[in-house]
Amino acid sequence: MAQLFFGYFAGVIAVTAVLVVALRNPIYSALSLLILFFHVAGLYVTLHAEFLAAVQLIVYAGAILVLYLFVVMLLNVKRDDRYHSQWRVAAFVCIPLLLEFLVLLAEGSTAPQLDRLPAEQAAGMGDNTMAIGTTLFTTYLFPFEVASLILLVAMIGAIILAKRDIGESRET
Amino acid sequence: MTELGLRLAVSLTQIAAVTGIVIVTVLLLTLAERKVLGWMQDRMGPMEVGPYGILQPFADAIKLFFKEDLVPAGANKFLFTMAPILALIPALIGFAVIPWGPNVTYEIGGLSIKPFIISDINIGILYILAFASIGAYGIILGGWASNSKYSLLGGLRSAAQVISYELNVGLSIVGVLLIAGSLSLVKITDAQAGGFWNWYAFAFPAPQLFALVVYVISAVAETNRVPFDLPEAESELVAGFFTEYSGLRFAFFYLAEYANMVLVSCVATALFLGGWNAPYPGTLIGYLGLPSFAWVENTMWFAFKTYSFLFLFFWLRATLPRLRYDQLMRFGWKVMLPIALANIVVTALAVFFFG
């Protein structure tokens with residue numbers, strides 16, 4: 001049953017991920033990205049990570065993708081052919097990736113299934129929101145604070161970039 | 001397998017009942033809104049269909065059902081059809097985690113059934129927020145797919161507005177979550193039992209009154225209601241994102257708007273005003289010696305609180321003029337957001353020292 005769900009989610013994720021770059025209408029690309037986010041959230045649910053699934057939907061589908069759509073619609077991009085027909089670059093990137101995939105696939109049957117453990121541990125802990133909270137604020141406190149500082153710097157930088165003209169006009 | 005089948009049947013019955021109640025409530029609201037607005041503006045409201053116009057919603061439904069289903073020339077037909085569905089499904093799906101009545105379990109034929117709770121998932125409130133944010137897609141795509149200036153402008157406005165105010169909705173809820181220590185609506189409601197002084201809007205150590213105000217204002221903005229109805233501003237954009245819609249597709253958008261109103265009212269009731277708990281300890285029916293019928297009183301309290309919020313929606317519509325777009329943004333980011341953030345800090349300190 002779990003294998004069946006994983007197969008479905010993974011298959012749809014792969015197909016929609018290809019469609020995001022292959023479709024010519026940017027709106028359709030954004031929509032297939034939306035379907036992709038939903039299925040990634042579905043994968044999280046099958047791993048008993050409900051909190052991650054909800055946050056995935058709220059942050060990516062609810063905020064970031066809406067902004068993408070907003071920009072695409074504001075600029076009224078009907079279709080954009082500039083970034084298509086780049087077969088040489090695509091082949092250059094894809095062949096190493098394909099080789100890597102084949103190597104991993106060949107080795108995968110002998111390698112131990114490490115990814116199974118965390119999911120079952122998380123299921124045993126019950127409330128995974130609380131588990132994430134305690135882990136973030138104890139074990140990973142320093143990386144957490146560093147990440148928030150970097151985000152703050154990025155935010156200030158974005159505001160300064162966006163408001164550059166206002167500051168200059170005031171100085172002159 | 002039979003047990004699984006029975007569970008499925010019970011769940012489907014619950015879902016059908018809740019969907020039915022929501023649709024009936026929406027029908028009632030369409031009439032109630034016009035009646036209440038009429039009375040507030042010293043008019044009669046609809047009076048033609050049935051006694052005092054009470055059959056008006058059915059007349060509207062029949063009219064919408066038989067209207068010609070137009071697709072404008074140059075519209076993206078697929079997305080034009082998808083958009084109303086994308087708007088309606090997220091509005092209805094959120095009701096799955098709302099606790100309608102007491103958290104009691106009945107044993108029937110070996111099955112334990114919780115009649116007033118469809119599902120108690122441990123991220124209940126995040127689930128509602130996630131699907132509420134998906135509802136914006138229906139509006140944005142509907143505006144884009146119509147191939148009309150007014151629709152597109154309405155859709156764009158809606159995108160900006162929903163993102164801005166969704167943040168405030170999320171942040172205003174955090175205070176309640178800090179006190180309750182859970183994301184499950186069932187647990188949050190259970191923790192508020194025993195009188196109105198235990199409701200999170202008034203509870204020691206950190207009354208969430210400011211959070212309630214921020215939540216209600218942001219919820220009004222998120223459901224695109226007056227005074228934040230810029231996506232469908234009649235005086236500027238004809239009807240905004242659903243200018244080109246007619247017939248059943250228009251009815252879907254209409255249903256979604258009202259279902260969203262009911263949903264945000266239910267969430268406000270469950271989070272801030274004790275959900276189905278009466279404002280006094282226990283229930284009157286319980287004191288009279290019929291504790292097995294206490295659920296009647298509890299569900300009535302839930303309905304009363306929810307309808308009070310819905311009345312507030314109508315009241316605001318009758319009272320306030322529409323905001324300008326820059327005012328809307330400034331209000332959201334410079335007034336609501338700092339209040340919500342300050343509330344989180346104060347609540348966190350209060351819970352840490354007194355909780």
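Two residues are in contact if their C-beta atoms, placed from the backbone, lie within 7 Å. This is a predicted model: local features need pLDDT of at least 70, side-chain atom pairs count only at pLDDT 80 or more, and totals for chains, interfaces and linings use all residues. Residues are numbered from 1 along each chain as its sequence is written, with chains lettered from A and ligands numbered from 1 in the order in which they are written.

**View 1. Contacts within chain B.** In chain B, 78% of the contacts with a separation of 6 or more join residues 24 or more positions apart. Of its 355 residues, 44% count as buried (20 or more other C-beta atoms within 10 Å of the residue's own, all placed from the backbone).

**View 2. The fold of chain B.** Chain B has twelve helices and two strands. These are DSSP runs, numbered from the N terminus: helices are H or I, at least four residues, and strands are E, at least two. The order along the sequence is α-α-α-β-β-α-α-α-α-α-α-α-α-α. The radius of gyration of chain B, 21 Å, is close to the 20 Å that the globule rule gives for 355 residues, so chain B is as compact as a globular protein of that length. The radius is taken over C-alpha atoms; the rule is 2.2 Å times the number of residues to the power 0.38. The C-alpha atoms of chain B fill a box of roughly 60 × 50 × 50 Å along the principal axes.

**View 3. Where chain B touches chain A.** Chain B brings 21 residues to the contact, and chain A brings 18 residues. On the chain B side, α4 (124-145) and α5 (149-180) each supply at least two residues. α4(B) gives the most, with ten residues.

Definitions and conventions: A residue is buried if 20 or more other C-beta atoms lie within 10 Å of its own, exposed if 12 or fewer, and partly exposed in between; C-beta atoms are placed from the backbone.
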